[in-house]
Amino acid sequence: MAISPSIITGSHVLKHRHGMSGMESSDGEEYTYQDESGEEDVGGVESQEEEEEYSYSDGEGGCAPVPLPPPSSSMADGCKVIDADELRATMSALIDDISSVLAIHPCAAAALLRHYNWNKESVIDSFCTDPDQAKEKAGIMRFVPDLQTSDKGRLCGICREDVPAEALVALGCGHFFCRGCFTQYLVSKVEEGMGCPLTRCPEYRCPEMVTENFFRVLVPHATLAAYLRYSLKSFVDICSAFRWCPGRGCDFVAMGNSSLRACLCKCGMLFCFRCGEEAHVPASCEDMVTWVEKCKNESETANWILANTRKCPKCATRIEKNQGCNHMTCRQCKFEFCWICMGPWTEHGANTGGYYKCNKYDPSTPTKDEQDGAKAKAELDRYLHYYQRYDNHHKAQEYATKQEEEIERRMMRLQETDGSRWIDVQFLKVANEKLVECRRVLKYTYVFGYYLPEGTARKRLFEHHQENLEKFTEHLSWLSEQSLEEFKKEEKRSEVVNYTRVTETFLKNLLKSVEDGLMDEDGEDMEEGGWEGKSEPGRRAGAAGGGQVGEAAEEGRRTLPSRDGAGGGARARRSGVARA
Amino acid sequence: MQKHLGKEFRRGNANFRVQKELREWLANPTENLQVAVGDNIRVWVVTLTGAKGTIFAGEKYKLKFTFPMDYPSKPPSVYFLQPPPRHEHVYTNGDICLNLLGRDWRPNMTASMLALSILSMLSSAREKKIPQDNHVHADNPPGKEQANWLYHDDRC
């Protein structure tokens, strides 16, 4: 296909806009769920200013808890993402500080800090109490800044040859080895990896540390670079105020504290600062550990039961789900069904009391072998119920993430076909980003839900939120997968825009409710008030256009617990009564 | 054995240092430690005889030494061939729990120092018993790098 000038223009704009669109634009580097305005700043007008606001200049430059903007909530504090250069500067600042306070060489200061786990206070305490002991422990008892030279030839303990004086070198401890052997030893230590910043003199039992200054004069350039990388890596691994971004091939580091639940990296990865895994709100780190362990143990059973393909409930053709939405249409027989429950899609609607009633586990579901319906089987069923939905959202999240490039192509094609501006087609990208986020959160709601006791009001409220988010997410997924022809219509576009916003509202409601301890007892009128019928996100909403969706958004906000203290108290009192 | 001693190796090559050690060992023979080398100069089998007056007196065990390419920056792999002695720091798969074989190895140490350390470890034992955590380790193949080992009493 020939490339028309308009495409080239498009791709140019794409590059220009790329970094400013989506989540990053609204929040700068800080990621927060408490952004009340909830407006997606598509144009990214403010992003420049916001980034500057967070520019970090800590005079102390330490690993001590980093001063951050006052936390808006325990769920998502501010978190500063820095690159290797800024990290190196932070580490050097700390070393220089110790170096000048204790009047020692920076390399000796680094060895001290490393020994005392980069804790400035313990270094100063120990050094002032007993400098010799501190130096001995850190392996800098006989530290010198430069290599020692010998006045006479000796036997090198490594190659076991007699070596002339000029070829011999030693650390401050005076154990001489030939330069070549010493270098080879250091290179081999760096090749070993992580432990290389703690390399000691080659002499048996000598505690003297080979500090950075010696690496600098002895090893080749590439090895030195590797040494410095390991040195930096161990610094981050030890300091609790830092966390490497777990994104694949990402070298950014987050600065924050362990109360942070979600931290957005510049590479787009959203991760939990506390455990370093993908951000898993609303599930806790502890839940995640037990869940992952459980999934590992159960994986064979689960895989056996949950094969990747399923049979069409009508014609039994094998179907592999390769699209994001759970609304399936069999190519063979055109039968429409729900991927989760395999029931006909027509039953998923207002007439069954909910468009998407597939998120609740009903313990009373009769099993095939009722007589051996032992506890173990029931437990496995329960687990599978949650695992299946967890896995389903996980795959949908991966799918949506992979879609990013395809979406950009779609956006360009849409621009070409009807001459829209780049900004006019952003809605597709924004919707997809919201989908990825919702899929991720939904995935972890099944971990959270699995550990939430059955039959409690809290669980009912949680499942209510989960169901809302799920049905809007599914519908948004379905909406944004429509053909480009559809998106030529203005009302189709605004429908996607509106659904993106509504879905976001439901997402916030869910997270807020979990954060508040699921204490909202307004659930009664939510469950019976029949608003689910009103906000039904089916094709009906599509037909009705934007007005209907706006109403749904209004409903979404209504479930948001009031923020004022009186309201909270009233809620708490009511919930107390409800339990009694 | 002689063919290994006759060859010329370049300095910096692991074989250079191994050959030197082999020469030194043969020049200073020890009654309790006999070395044998096959086709590969970097694989030694050392026959260890329990020292007089100890619980292993007169018993013969074989130690296998394998020198890596980056010897002596890295330690040799050393383990007992079957059957190994019953000792609280010797696993039934032949592995020896010794800090000098891992964390505390330094390049100016030699194979003969290691062999002597192992002999003295056997000599100081009061009773023949296998390591407490033997069941955890016994099924592993012996001679792997002791990179992340925790030594029971900081040395063995």
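Here are some notes on this predicted model of chains A and B.

1. Ground rules. Residues are numbered from 1 along each chain as its sequence is written, and chains are lettered from A, ligands numbered from 1, in the order in which they are written. Since we are looking at a prediction, local features need pLDDT of at least 70 and side-chain atom pairs count only at pLDDT 80 or more, while totals for chains, interfaces and linings use all residues; side-chain values use heavy atoms, with hydrogens and water left out.

2. The main core. The largest nonpolar core has 46 residues, with Trp291(A) and Leu469(A) making the most contacts inside it. (A nonpolar core here is a set of buried Ala, Val, Leu, Ile, Met, Phe, Trp, Tyr and Cys residues joined through side-chain atoms within 4.5 Å; buried is under 20% relative accessible area, exposed over 50%, partly exposed in between, using a 1.4 Å probe and protein chains only.) Two or more residues each come from α11 (285-305), α12 (375-418), α13 (426-450), α14 (457-480), α15 (484-487) and α16 (490-515) of chain A. The largest share, 12 residues, is from α13(A). Helices are DSSP runs of H or I with at least four residues, strands runs of E with at least two, numbered from the N terminus.

3. Around Trp291(A). Leaving aside residues up to four places away in sequence, Trp291(A) touches Tyr383(A), Tyr386(A), Tyr387(A), Tyr390(A), Val447(A), Tyr450(A) and Tyr451(A). Contact means heavy atoms within 4.5 Å.

4. Chain B by itself. Four helices and four strands make up its secondary structure, in the order α-α-β-β-β-β-α-α from the N terminus. Of its 156 residues, 50% count as buried. Among contacts in chain B with a separation of 6 or more, 55% join residues 24 or more positions apart.

5. The interface. Chain B puts in 18 residues and chain A 19. About 1600 Å² is buried between them, 50% of it on carbon and sulfur atoms; that is the accessible area (1.4 Å probe) the two parts lose on being put together, summed over both.

6. Chains B and A share two salt bridges, meaning a side-chain nitrogen of Lys or Arg within 4 Å of a carboxyl oxygen of Asp or Glu. One salt bridge pairs Arg160(A) with Glu24(B), their closest N and O atoms being 3.2 Å apart.
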